[in-house]
Every structure is written in structure tokens, then in C-alpha cells.
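Please look over the model below before reading on.

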Amino acid sequence: MKKMIIACAVVLAACLSSCGDTNYCYEVSVTTTVAGFSNTATSYVWGTSNELDAAIAETKANLEKSGISEDMYKIDYKRTNKSQSDCY
């Protein structure tokens, strides 16, 4: 349970610290399942699709550093219509 909370904090920090060619607001959801308990953390990333890919890669690396293996998490994202000032 402690690892799941730490993983969610790491995911949010990684997604919030990161921001193609055009900037959009992306909603990123990370669902972790540890010991049968699922937890979803949602954050928003303002940036290009390349920056989004980098943020997701960083999130994956941070999850694995904290002991969450690849089969224990799922990352989904979608582009939103939020403006930069509303993307938080």
C-alpha cells in the first residue's frame, strides 16, 4: 500500500513537471494495481506530443524505480480542449 501511494506521488510529480510541433493539453491517467488494490491518478500535461511521450517515459521509469513493475500499471492519455491556463 505504501509503494502504491509513493508511486502515485511520483507519477503526479513527473506528469506535472513536464509540459509534434503544436502544444495541447493532455489528460494523463495512471492506474496502478498493487496487492489487489487499484488506484488511479490523473494529471494534465501542456506540451507537444513529443513532450508528452517524454513525460510518459519518465513516469514509467519512476514507477519502476519505486518497485512497480510494468504489469502492475497502465497509462492512458487523451488530448483535451483545455487552454494552457486551464491545463492543470
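The numbered points below go through a predicted model.

1. Disulfide count. The model contains 1 disulfide, which joins Cys25 to Cys87 with an S to S distance of 2.2 Å. The cut-off for such a pair is 2.5 Å between the sulfur atoms.

2. Placement of the link. Cys25 belongs to strand β1 (residues 24-34), while Cys87 sits in the segment after β3 (73-80). The two cysteines are 62 residues apart, and the pair links distant parts of the chain.

3. Geometry and burial. The S-S torsion of Cys25 and Cys87 is about 85°, so this disulfide is right-handed. Cys25 and Cys87 are both buried.

4. Sheet order. An open sheet is formed by 3 strands, in the order β2-β1-β3, with antiparallel pairing. Strands β2 (37-47) and β3 are at the edges and have a single partner strand each, so one side of each lacks a neighbour in the sheet. From one strand to the next, the twist averages 20°.

5. Pairing of β1 with β2. These two strands pair in the antiparallel sense over 11 bridges. Cys25 takes part in this pairing: its bridge partner in β2 is Trp46.

6. Helix α2 (residues 49-65) lies across β1, β2 and β3. Relative to β3, helix α2 runs at about 160°.

Conventions: Residues numbered from 1 in each chain as written. Predicted model: local features only at pLDDT ≥ 70, side-chain atom pairs only at ≥ 80, totals over all residues. Heavy atoms only, no water. Helix = DSSP H or I, 4+ residues; strand = E, 2+ residues; numbered from the N terminus. Buried < 20%, exposed > 50% of the residue type's maximum accessible area, 1.4 Å probe, protein only. Pairing = 2+ DSSP bridges. Axes fitted to C-alpha atoms, helices over the stretch in contact; angles between N-to-C directions. Contact = heavy atoms within 4.5 Å.
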